[in-house]
Amino acid sequence: QVLSLPIVVIVHGNQDNNAKATVLWDNAFSEIDRVPFVVAERVPWEKMCDTLNLKFMAEVQTTKGLLKEHYFFLAQKIFNDHNATFEDFQSRSVSWAQFNKEILPGRGFTFWQWFDGVLDLTKRCLKSYWSDRLIIGFISKQYVCKLLSTEPDGTFLLRFSDSEIGGVTIAHVIRGKDGSSQVENIQPFSAKDLSIRSLGDRIRDLGQLRNLYPNTPKDQAFGSHYNSEWGEQ
């Protein structure tokens, strides 16, 4: 007899996401000498962070993993708590239900469905941008407003969409003549959108975007990602 890695049998492609969640949870959190199929219902958030980071790096094939501020955003999302500190989250545990059964507030999907969508999008379309640290990605819309509201007109950053699975959006500041500021989020781009025209070229197209937060001129930040065949037009 030989023990195999966990497998899940599915009968339709729409079960794929849930199957991947089951395998990930089992691989990461089961004990080697466990009773078959027994796995913890709750795990420390710190261990979950390590698992998400390893999964992200392996899936995207990048050496640039998740950062402390990314974990903080993910904790706020999975626990639906925007008042706790980073240290508060470190002492908590997360349940299977929070990971892949409970629908996120105001959304139609679970935490894992959302995270898996980010994985797929980054792997297919954003690997080089992520590896060059051009995408903050895991950051809330509220915190983006706080960051950008004091910046010069045209300052922008990239974040993963909260409202759509597998979308990346550009947040940028518009400063009025009276000095007032307004932060706008461009409609998220999906993998299909980015397969038609790359993220770099879309950023070049948008004249209202000037500097990647905090202060890098966009051509300097994204120039190596521009498609040269468009440069003649």
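A: Arginine 204 and aspartate 201 are three residues apart in helix H9 (residues 199-205), so about one helical turn separates them. Their side chains meet in a salt bridge, with an N to O distance of 3.2 Å. This is a predicted model, and the values below are computed from it.

The structure holds ten salt bridges. Another of them joins the side chains of aspartate 162 and arginine 159, at 3.1 Å from N to O. Here aspartate 162 is buried, with a relative accessible area of 13%, and arginine 159 also counts as buried, at 2% relative accessibility.

A further salt bridge brings together the side chains of lysine 123 and glutamate 59, at 3.0 Å from N to O. Lysine 123 lies in helix H6 (residues 111-131) and glutamate 59 in helix H2 (residues 45-60), so this pair ties together parts that are 64 residues apart in sequence. Lysine 123 is partly exposed, with a relative accessible area of 36%. Glutamate 59 is partly exposed as well, at 23%.

Starting with H6, its axis and that of helix H3 (residues 68-79) come within 12 Å and cross at roughly 155°. That makes H3 roughly antiparallel to H6, since an angle over 145 degrees counts as such. The crossing of H3 and H6 is right-handed. On the H3 side, the residues that meet H6 are His70, Phe73, Leu74, Lys77 and Ile78. Their counterparts in H6 are Phe111, Trp114, Phe115 and Trp130.

In H2, the residue to look at is tryptophan 45, which lies in that helix. Tryptophan 45 counts as buried, at 1% relative accessibility. Leaving aside neighbours within four places in sequence, tryptophan 45 is in contact with Leu52, Tyr71, Leu74, Ala75, Ile78, Phe79, Phe89, Gln90, Arg92, Ser93 and Val94. Leu74 and Ile78 of this list are also among the H3 residues that meet H6. Tryptophan 45 and serine 95 are 50 residues apart in sequence, yet their C-alpha atoms are 9.1 Å apart in space.

The strands give a separate piece of the picture. Strand E4 (residues 168-175) pairs with strand E5 (residues 181-185) in the antiparallel sense, over five bridges. Arginine 175 has serine 181, in E5, as its bridge partner. E4 and E5 form a hairpin with five residues between them. In the turn, glycine 179 has a positive phi of about 90°.

The one between lysine 123 and glutamate 59 connects H6 with H2. In the one between aspartate 162 and arginine 159, aspartate 162 is buried and arginine 159 is buried too.

How values were computed:
Residues are numbered from 1 along each chain as its sequence is written. This is a predicted model: local features need pLDDT of at least 70, side-chain atom pairs count only at pLDDT 80 or more; totals for chains, interfaces and linings use all residues. Side-chain values use heavy atoms; hydrogens and water are left out. Two strands pair if DSSP finds at least two bridges between them. Helices (H or I, at least four residues) and strands (E, at least two) are DSSP runs, numbered from the N terminus. A salt bridge is a side-chain nitrogen of Lys or Arg within 4 Å of a carboxyl oxygen of Asp or Glu. Buried means under 20% relative accessible area, exposed over 50%, partly exposed in between (1.4 Å probe, protein chains only). Axes are lines fitted to C-alpha atoms, for helices over the stretch in contact, and angles run from 0 to 180 degrees between N-to-C directions. Angles under 35 degrees count as roughly parallel, over 145 as roughly antiparallel, 65 to 115 as roughly perpendicular and the rest as oblique. A crossing is left-handed if the near helix is turned anticlockwise from the far one by less than a right angle, and right-handed if clockwise. Contact means heavy atoms within 4.5 Å.
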